[in-house]
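Please look over the sequence and the fold shown below before reading on. This briefing walks through a few local features and then turns to the wider arrangement.

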Amino acid sequence: MGLFRKKKKEEQQWQDAVLTLYACNGVNGIRKIPEYIQEVFINATERFLQIDKEHYEILLKDHTTIKFNLMTDPDETIPQAMGMAHYFSQAELEDQTLNKMILKQITIFNCIIGIEFQMDDNTERRKVLIDLIFQLAQAITGFVLTPNMSLFHYNGKLLISIEGETAFDSFYPESDGTILDRERGEETQADIDRKERSIAICKEKNIPCIEHLKAFVFESECKIPAKEEIVRRLAAVFAASVCSEVFISGQYEEPEKMAEEMMEELDNRYDVWNWLSDRERAYLSGELDSEENHSQFNWKYECCAVLLWALSLMEIGEPVEICSASEIGAILWNNDFDSLMQAAQLRSKEELLDMQDLMLRYDWACVDARINEKEITAVNGSVVYEWHYALNWLVGADGITDWDEVQPNT
């Protein structure tokens with residue numbers, strides 16, 4: 001691209017610019033993002049540099065740089081998406097159905113790419129750069145947010161502005177094809193019956209739901225882990241949760257030492273260190289030592305409750321109140337891997353799918369309530385989120401088997 005030839009130093013009058021891409025991507029789509037970046041910018045690139053798995057940089061042929069900062073951690077993307085949806089909920093589009101679908105799109109964003117680059121007074125160069133960014137948006141089925149808080153579809157049409165403007169007459173949420181496609185697939189009668197049972201429960205509890213929303217995981221594609229794998233995962237999640245409690249409680253003069261002793265005991269019982277996820281390992285190694293992370297891992301007690309329920313070792317009822325950490329601890333501390341394997345009896349695929357489908361609908365209602373500043377008292381939104389997370393892993397939602405990559409999308 002001739003537009004990116006290096007200019008003489010005295011002619012350069014660069015200004016910093018920022019655009020942000022938002023998308024709803026499955027794990028495979030996220031992994032391909034570096035590849036998409038290189039393909040889209042290939043003709044303007046002097047050198048591509050991957051700094052780490054979340055940061056990429058291109059040296060353009062005019063010797064300016066363009067940086068890509070990738071965010072996919074649900075602990076970061078969910079609050080941003082919720083805040084963004086709340087912001088645009090003030091936009092008052094005339095078509096309320098269109099408004100709801102646009103806000104729904106925003107709430108399912110799970111991939112954010114901040115793009116930093118430099119502009120000069122060359123309007124043609126500016127147009128080419130922005131066109132390339134929109135090509136990247138198209139590659140990931142993404143949306144472009146401008147600094148004046150206008151959100152554009154990858155085809156260049158305005159999706160929504162804070163002034164209540166849009167170029168769309170109708171809209172349905174989009175993803176990269178690995179998340180929302182199942183909602184448009186063909187259902188079996190078993191999937192339809194499951195959906196109807198969930199809707200009936202929601203109506204009975206006066207919990208809002210979308211009746212046309214199909215089962216997110218069809219029975220034919222459900223892949224439940226082996227009992228051994230679930231027990232291993234339970235022990236790993238419990239280890240991180242119980243250690244987080246050591247730091248949160250403030251009861252120990254040397255919390256690091258106490259956590260280390262607990263981990264040693266759990267490792268003797270369950271061989272925990274060999275079954276931790278990458279994020280759990282980083283946390284238990286002290287790399288994620290912060291109040292925020294202590295709190296996040298402490299909430300995973302709720303995932304332990306779901307995994308124990310799946311193994312028929314605990315009843316959980318409805319997600320109204322937080323689970324009993326002492327009840328969970330009594331099971332884990334008074335057993336080891338062999339005794340837990342002997343006591344556990346894995347629930348049926350039908351039971352797990354029924355619970356997952358119900359949590360999906362509960363979670364949607366909780367997200368919708370947060371966006372529209374409503375209150376739902378029938379369930380606890382934080383508990384629902386964690387149950388949804390564990391159940392998505394249990395039934396293989398989106399084909400994801402990596403615990404850290406689970407996406408409890410609604």
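In this predicted model, the hairpin of β3 and β4 has four residues between its strands, and there His63 takes a positive phi near 70 degrees.

**β3 and β4**
- Strand β4, which covers residues 65-71, runs antiparallel to β3, and five bridges join the two.
- Within this part of the model, Ile58 stands opposite Ile66, the latter being a residue of β4.

**β2 and β3**
- Strand β2 (residues 45-52) pairs with strand β3 (residues 55-60) in the antiparallel sense, and this pairing extends over six bridges.
- Asp52 has His55 of β3 as its bridge partner, while the bridge partner of Leu49 in β3 is Glu57.

**The sheet**
- Eight strands form an open sheet with antiparallel pairing, and their order is β2-β3-β4-β5-β1-β6-β7-β8.
- Because β2 and β8 (158-161) stand at the edges and each has a single partner strand, one side of each is left without a neighbour in the sheet.
- On average, and with direction ignored, neighbouring strands of this sheet are turned by 20 degrees against each other.

**A helix across the strands**
- Helix α5, made of residues 123-139, lies across β1 (15-23), β3, β4, β5 (111-119), β6 (142-145) and β7 (150-153).

Technical notes
Residues are numbered from 1 along each chain as its sequence is written. This is a predicted model: local features need pLDDT of at least 70, side-chain atom pairs count only at pLDDT 80 or more; totals for chains, interfaces and linings use all residues. Side-chain values use heavy atoms; hydrogens and water are left out. Two strands pair if DSSP finds at least two bridges between them. Axes are lines fitted to C-alpha atoms, for helices over the stretch in contact, and angles run from 0 to 180 degrees between N-to-C directions. Contact means heavy atoms within 4.5 Å.
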